[in-house]
Every structure is written in structure tokens, then in C-alpha cells.
Amino acid sequence: MKILGIETSCDETAAAVVRDGREILSNLIASQVDLHSRYGGIVPEVASRQHLLTAIPIISEAMAQAQTHWSDLDAIAVTSGPGLAGSLLVGVNIAKAIALAQGLPLVGINHLEGHIYANWLEGSTPDLPAICLIVSGGHSDLLLMRGHGDYQPLGRTRDDAAGEAFDKVARILELGYPGGPAIEQAAGEGNGARYRLPRAWLKDSDDFSFSGLKTAVLRLAAQKSAKGEESGEAVEDTRSEIEIRLEKVEKADIAASFQQAVVDVLVTKTVAAAKRLGAHQILLGGGVAANLLLRRTMTERSPIPILIPSPILCTDNAAMIASCCYFRLTAGKRSGWDLDIAPNLRLG
Ligand code: KG4
Ligand code: ZN
């Protein structure tokens, strides 16, 4: 069964062709990062328009690379939520048009569920029940997956999502956008044990909270730059190279200490839930799962096997949407022509 997946929920226009939910025949992603970086974050109107301009060429290229003709397809999968309303509308309407024109089934997919299905795309078959940790720019969700389409929500963020915290802290430290990779890079040269930043354990709950950590970073950064000003470090043209290097080290240490705190909480809570519920496996997904410290620490501390998609399949892509669609379709599920977008859709 060949499925064309379309993903336009945020700032990536993506299209992919996947065979039987597991084999990627093509996987194209047009990132809008350069477009939004000058604003320091995603501008929804700009994102929608860019999807409109990019979607058709990306879909055509995905079909060409997969050497697939329209008549070879079995279904069209599209992200219908959660995400930015205007961005979702572009993908859903294009998917409807193709499905209608080609007489193919249309399946609206939950973007969060898609992130979990990235774990089916690299030759593995996840062992269920599994604990799923989805950490992205908009979500930090912990779920128990009992079977295909069968989820028990355990915890979620009470304030900022993990990726959102990375993005905001990167802004505080003036490291650029998107924040996750920028923090990871800066942290690579820093000492994560330098500052003991707060961890919100939220006792007896599987929920997360990252806004206190973000505020602690803000305070720490303000304190450090005030010290710098007192000692004259902020006067640009009089700074020696050693002073400039010191400032860089300071930022790197703060970035590393922040990253350490986020990873510590994510791993501890995920592993605890897995043990408590007798899960067979831990599955990760979402952009933050591309983070190397998270990947390494989860691997080291998990008592059960874990699966983490390759970084390119952790961040937004359409192959995961097509994979999820395969399992929905084989369970007899498909959407009607009245498929609507659901910007606040949850999982479970
Ligand atoms: O899943 P995703 O591509 O889009 C959403 O569904 O939100 O996740 C994007 C988020 C952003 O907040 C980005 O900063 C974060 O994932 N991210 C990372 C890394 N790569 C992307 N966070 C930490 N470390 C990374 N290497
Ligand atoms: Zn995502």
C-alpha cells in the first residue's frame, strides 16, 4: 500500500511517499526557518502563504523521487491538527483536492500521533505497550500506547513545552532561532554542572513544567550581564579577546546547565512511568528528541529497550504522517470530505 503524506502544521512544508507504513520511498521537507528567523519566531500568516507556494512543488518532487504515479497511490494522508490554523488549512485543502481528483481515500492525521509513528520507519517494530514521550515546539506529552490508536494520556506540560523552553532560552541568551539546535551547539562547549538550575518534579504527577526553569535562566543571565557591565565588559570597543571569550563561555555554561535540567526531568519522569506501568519499550518523538544529550541520557538510564527516530524523522516530516495513516487505514478508518482542521487537537 503506497500512501502520500502531506504535512503543513507549522513551518515545514513536507511531502512523502511511504510503502506499507514502514518503507520511505521519498521524504521531502522545505523548511521556512530562514524566512522566520529574521522575526525570531514563526509568523503564522507568512507560514501559511509559504505553504501555499511550496506545497505543490514539494508534493510533485516527492512523487517523482518515489517513482510513483497518481494511479499507484492507495490513500492521501494529511495532518489535520494540532498546529497553526492557516498552515493546516493549506495542507488539508490540497489533500482534499488530490484525493477528490484521484478518487483516493483521505485520512486526517493527528500530528502528535505522527511523531510516534516515526518509530516505525527505520526497520523496527515497536513493542507495545510503550511509553511515548513527544517533545516538540508545542507539546511535551507523556502517553501510554497500548495498541494502534489506543493511547492513555499520562502527563503534559502545564506551561511551556520543552521545545518552546529551548526557543525562549535561546532568545534570552541571544543564540538565534530555532533555539533547540542553537542551545545544543552552545552547550557543547559549556559545563552543564556549573549552575544548578531548578527542576520541577511535580511530585506524584507525570506532568511537566518548564517556565520556572526559563525564569531562572532569565534571572541568571540578567545577573551575569549586570556584573559584566559593572566591570566594564559591556563596552564593546574596550573589551579584550579574553573578555569576549569569557562571555561566550558564560553563555555556553548557562546553555549547558539549562539543557541538563530539561533532559534530567524528561528522562527521570519517562523512565519512572515506564517502570510503574510495566511498559515494554520507550518511544521518543518530536523535534526535541533530536537532542543528543536527551538521546544519550535516555538510552543510558532506561531499563527497557528504547527507540528514537533519526534526527530528521524527529523534527516535522510527512513520512511519519503517511506511516500513521497506513495503520489507521488498515483499521478501517478514513475521513470524510468534511474533514476539518483541529488546531488544538490532543492525543488520547
Ligand atoms: O516537532 P517539531 O519539528 O515541530 C513541532 O511540532 O513543534 O519541533 C520543533 C521544536 C523546536 O522548539 C526546536 O527548537 C526543537 O524542536 N528542537 C530541538 C532540537 N532540534 C529541534 N530542541 C533541542 N535540541 C535539538 N537538537
Ligand atoms: Zn511536530
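Reply: Domain bounds here come from an automatic or database domain assignment. On that basis, the protein is divided into domain 1 (2–122 + 313–330) and domain 2 (130–308), and their centres, taken over C-alpha atoms, are 28 Å apart. This is a predicted model, where local features need pLDDT of at least 70, side-chain atom pairs count only at pLDDT 80 or more, and totals for chains, interfaces and linings use all residues. Residues are numbered from 1 along each chain as its sequence is written, chains are lettered from A and ligands numbered from 1 in the order in which they are written, and side-chain values use heavy atoms, with hydrogens and water left out.

Me: How many residues does each domain bring to the contact?

Reply: Contact means heavy atoms within 4.5 Å. By that rule, 18 residues come from domain 1 and 22 residues from domain 2.

Me: How much area do domain 1 and domain 2 bury between them?

Reply: Buried area is the accessible area (1.4 Å probe) that two parts lose on being put together, summed over both. Here that comes to about 1,600 Å², with 68% of it on carbon and sulfur atoms. On the domain 1 side, Ile-116, Asn-119 and Cys-314 supply 36% of the area buried against domain 2, more than any other three residues.

Me: Which elements give two or more residues to the side of domain 1 that touches domain 2?

Reply: Helices (H or I, at least four residues) and strands (E, at least two) are DSSP runs, numbered from the N terminus. The elements in question are helix 1 (33–37) and helix 4 (111–117), and helix 4 gives the largest share, 5 residues.

Me: What makes strand 2 and strand 3 a pair?

Reply: Two strands pair if DSSP finds at least two bridges between them. Strand 2 (residues 12–19) and strand 3 (residues 23–31) run antiparallel and are joined by 8 bridges, so the pair passes the rule. Thr-13 has Ala-30 in strand 3 as its bridge partner. The two strands form a hairpin with 3 residues between them, and Asp-20 in the turn has a positive phi of about 50°.

Me: Why are strand 8 and strand 10 said to stand at the edges?

Reply: The open sheet has 5 strands in the order 8-7-6-9-10, with mixed pairing. Strand 8 (150–156) and strand 10 (306–307) each have a single partner strand, so one side of each is left without a neighbour in the sheet.

Me: Where are the cis peptide bonds with Pro-82 and Pro-129?

Reply: The bond from Gly-81 to Pro-82 has omega near -10°, and Pro-82 lies in the loop between strand 4 (75–81) and helix 3 (85–102). The one joining Leu-128 and Pro-129 has omega of about 5°; Pro-129 lies in the loop between helix 4 and strand 6.
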